Amino acid sequence: MRLTAITERLAGLGGGKWEVHARARQLAAAGADLVEMTIGEPDVPTPPELVEAAAQSMHAGRTGYSDGRGEAHLRAALAEAYTATRGRDFGPENILCFPGTQTALYAVLQGVAEPGTEVLVGDPMYATYEGVIRASGAGMVPVPLRPEAGFRMQASDIAARITPRSRAILLTTPHNPTGAILTPQDLREIGELAVKHDLWIISDEVYEHLVFEGAEFVSPLSDPALAERVIAVSSISKSHAAPGFRSGWCAGPANFCAALLPVSETMLFGNQPFIADMTEKAVREGSSVAAGMAARFAARAALLEQRLHAETRLRVHRPEAGMFALIDVSATGMDGDAYSWDLLDSGVAVMPGSAFGDGLRNWVRVALTIDDNSFATALDRIAAHANRNARGAA
């Protein structure tokens with residue numbers, strides 16, 4: 001039977017990046033003593049008041065078809081929230097709702113990119129970005145995010161890779177997997193490039209509410225000069241510890257949202273009304289769990305850096321936000337892939353950096369979302385493993 005070009009474009013993406021994680025799950029299911037630091041989910045359950053809001057909405061009969069744009073009251077709540085935080089006016093016409101950030105990003109890429117065009121994206125990158133870009137038919141152009149620049153995307157690196165085929169710049173701020181936050185100056189310089197070359201800016205801002213103390217998040221949506229070319233995507237998955245509810249959105253120019261609506265409606269015709277009701281409550285009342293998560297993740301990142309720098313030759317890039325930290329393992333003589341498999345034998349599962357792009361070949365990503373006792377156990381094992389390898393290398 002014949003398959004389509006999209007299946008060829010996406011062939012080989014996804015599964016191979018999670019082999020260490022999958023093996024860790026198999027070992028744990030068989031009774032192995034393992035600490036899993038591979039994937040990141042909130043370290044608290046969805047707040048009970050949100051679960052109850054969804055349940056009450058279902059019991060009230062909010063289980064029918066929904067508005068294809070997203071329920072009007074939710075779009076109004078999101079527009080009010082963006083107006084309050086971005087310093088310029090947003091209306092419901094600037095919002096489209098989707099089941100999660102991933103679906104929003106997929107739809108937005110369908111609206112701005114196509115075969116023969118290119119999308120510039122930072123390397124390292126979140127593991128699904130290559131797939132959503134390729135699904136549109138566009139070519140992916142990696143832009144190196146250099147450790148010496150704090151893994152923040154630099155306008156000069158973008159400029160060197162812009163061609164007549166360039167259509168969009170995909171930003172992630174705060175960034176996964178590095179935890180870096182783009183500064184106002186970074187965004188000004190990137191915005192100037194976008195205006196000069198008539199490029200869209202797509203900004204994944206799902207970690208906006210998990211910013212650590214001392215750091216500051218700024219959105220390109222806040223710049224009036226970029227109002228007609230910036231589209232942001234986000235959700236309540238991280239901020240409200242509600243990843244399973246799959247409730248996200250995009251915010252952007254009204255004419256873009258209107259043009260994208262038929263694309264959205266061919267994917268799904270509106271979200272579940274009871275989840276929209278719950279999400280409205282989340283957006284209007286804010287998060288009861290985000291501040292606590294950010295404080296715990298920051299403390300664990302600081303402890304990771306402190307212990308590994310004091311006890312091993314491993315080096316940590318401390319994040320400014322999010323759920324992850326990066327460890328440079330090059331001092332072991334192994335790349336991130338070999339190190340991840342070797343560390344698994346010592347009872348800790350981490351993600352090889354190569355899962356997030358060529359720029360992290362000698363790094364691994366660790367989740368900061370496990371409980372403090374498990375985190376301490378993982379640190380003991382990582383340090384012991386590093387020192388055994390150091391003695392072996394000597």
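Buried, on this tour, means under 20% relative accessible area, exposed means over 50%, and partly exposed lies in between, using a 1.4 Å probe and protein chains only. Keep in mind that this is a predicted model, where local features need pLDDT of at least 70 and side-chain atom pairs count only at pLDDT 80 or more, while totals for chains, interfaces and linings use all residues. Residues are numbered from 1 along each chain as its sequence is written, and side-chain values use heavy atoms, with hydrogens and water left out.

**Stop one: Ala 290**

Select Ala 290, which is buried with a relative accessible area of 6%. This residue is found in helix H11; helices (H or I, at least four residues) and strands (E, at least two) are DSSP runs, numbered from the N terminus. What does Ala 290 touch, not counting residues up to four places away in sequence? Show His 209, Leu 210 and Ser 239. Contact here means heavy atoms within 4.5 Å.

**Stop two: along H11 to a sheet**

Colour the whole of H11, residues 290–311, and you'll see it lying across S9, S10 and strand S13 (363–367). H11 runs at about 160° to S9; axes are lines fitted to C-alpha atoms, for helices over the stretch in contact, and angles run from 0 to 180 degrees between N-to-C directions.

Next, pick out the open sheet itself: four strands in the order S9-S10-S13-S12, with antiparallel pairing. Strands S9 (315–317) and S12 (351–352) stand at the edges with a single partner strand each, so one side of each has no neighbour in the sheet. Two strands count as paired if DSSP finds at least two bridges between them. Zoom in on S9 and S10 (residues 324–328), an antiparallel pair with three bridges. To see a bridge, select His 317 and its partner in S10, Leu 326.

**Stop three: strand S7**

Is strand S7 (residues 230–235) mostly covered or mostly open? Mostly covered: six of its six residues are buried. Val 230, Ala 232 and Ser 234 are on one side, with Ile 231, Val 233 and Ser 235 on the other.

Look at the neighbours of S7 too. Strand S6 (residues 200–204) runs parallel to S7, joined by four bridges, and Ser 203 has Ala 232 as its bridge partner. Strand S8 (residues 248–251) pairs with S7 in the antiparallel sense, also over four bridges, and there Ser 235 stands opposite Gly 248.

**Stop four: two pockets**

On a 1 Å grid over the protein atoms alone, a cavity is a set of points where a 1.4 Å probe fits but cannot get out, and a pocket is an open set with protein on both sides within 12 Å along at least five of seven lines; lining residues have an atom within 4 Å of a point.

For the largest pocket, select Gly 40, Tyr 126, Asn 176, Tyr 207 and Lys 238, which lie nearest its centre among 22 lining residues. Helix H5 (residues 101–112) gives the most to this lining, with three residues.

For the second largest pocket, go to Ala 81, His 209, His 240, Trp 249 and Val 283, the nearest to its centre of 17 lining residues. The elements giving two or more residues to this lining are helix H4 (72–86), S7 and helix H10 (273–285). H4 gives the most, with five residues.
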